[in-house]
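Thanks, everyone. I have one structure to go through this morning, and I will keep it brief. Please look at the screen.

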Amino acid sequence: MTAMRLYDAHNHLQDERFNTPHDLLLAACSKAGIEKMVVNGSCESDWPAVLDLARQYPAVVPSFGYHPWHLHECTGQWQENLAKCLDAIPSAVGEIGLDRWKQGLDWLPQEEAFVIQLRMAAQRRLPISIHCLQAWGPLLDVLRSEPPLPAGFLLHSYGGPPEMIQPLAKLGAYFSFPGFFAQDRKSRQRETFRHVPRDRLLIETDAPDQSLPASLATHPLTDGAGNALNHPANLAATYQFLATFLGEPQLAERVEANFLRLFGGVLKSSPG
């Protein structure tokens with residue numbers, strides 16, 4: 001039987017909380033069948049680490065962006081620095097987004113930075129990874145008011161309402177399911193994924209965050225202080241959970257086709 005090829009649509013492998021060498025993390029991922037993973041930078045300070053990982057490991061698909069939680073860190077040259085990263089290696093744009101859930105975030109700077117990065121992605125015809133919390137209406141408004149995004153975009157850990165799936169899909173959205181939605185208290189988010197078109201469905205770990213329930217995690221991991229982390233190799237368990245939940249025995253093949261459709265332009269441009 002042919003082994004399944006798995007694709008992590010969104011993680012943060014560069015995160016300093018990982019207390020395990022990248023060689024070991026990626027060896028476990030390879031053994032689990034993971035072909036590619038999109039590693040998302042969130043601010044200027046971690047973009048170089050994402051770039052280094054992409055240059056060292058063929059499985060890494062780099063993505064660079066300013067996350068709304070980190071905009072207070074941006075320098076006056078952030079746009080130039082982002083452009084340098086995007087020009088340095090075939091990559092996606094992200095993680096970018098809008099957030100009305102986290103306290104203390106100014107709205108106007110978020111929206112301004114989000115629009116700037118959308119336009120950079122559109123001009124370069126690059127896929128985008130979008131974070132959105134409690135801002136689905138404003139997100140849809142911005143996306144509708146901006147030029148089309150020719151390469152499409154990922155709504156990572158989609159937690160919006162079912163009725164927004166079709167309007168967002170018409171604009172080029174893909175919807176990514178994290179293992180965290182297997183938690184008992186996330187039944188609403190799980191049910192929403194029954195409405196996602198199968199040709200727009202992706203799967204992610206968001207490692208080191210958004211862990212599966214401990215009973216499902218196949219690769220337990222902790223940081224230096226003993227706090228639980230999500231190992232990126234838990235992606236295989238997330239695939240298995242979602243395939244059972246949706247009654248989709250061919251889920252891996254569907255997700256592979258979707259991943260390659262969204263990120264294929266980046267992969268074709270990559271050396272090797």
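Cys-85 has a relative accessible area of 11%, and since anything under 20% is taken as buried, Cys-85 is buried. This is a predicted model, by the way. Is Cys-85 in a disulfide or in none? In none: the nearest cysteine sulfur belongs to Cys-43 and lies 11 Å away. The structure as a whole holds zero disulfides. Cys-29 also counts as buried, because its relative accessibility is 1%.

Next, helix α2, which covers residues 47-56. Which of its residues are buried? They are Trp-47, Val-50, Leu-51, Leu-53 and Ala-54. Looking down the axis of α2, these fall within an arc of 160 degrees, so they line one face of the helix. As a reminder, an α-helix has 3.6 residues a turn, so residues three or four places apart point the same way. On the face turned away from the buried side of α2 sit the exposed residues Arg-55 and Gln-56. The buried residues themselves pack against two helices, α1 (22-31) and α3 (78-88), and two strands, β2 (34-40) and β3 (60-64).

Last, Leu-13, in the loop between β1 (6-11) and α1. Leu-13 counts as buried because its relative accessibility is 1%. What does Leu-13 touch, leaving aside neighbours within four places in sequence? Its contacts include Phe-18, His-22, Met-37, Val-60, Ala-207 and Pro-232. Leu-53, one of the buried residues of α2, is also in contact with Leu-13. Pro-167 is 154 residues from Leu-13 in sequence, and their C-alpha atoms are 31 Å apart.

That's my part; I'll take questions.

Technical notes
Residues numbered from 1 in each chain as written. Predicted model: local features only at pLDDT ≥ 70, side-chain atom pairs only at ≥ 80, totals over all residues. Heavy atoms only, no water. Buried < 20%, exposed > 50% of the residue type's maximum accessible area, 1.4 Å probe, protein only. Helix = DSSP H or I, 4+ residues; strand = E, 2+ residues; numbered from the N terminus. Arc of directions from axis to C-beta. Contact = heavy atoms within 4.5 Å. Disulfide = S-S within 2.5 Å.
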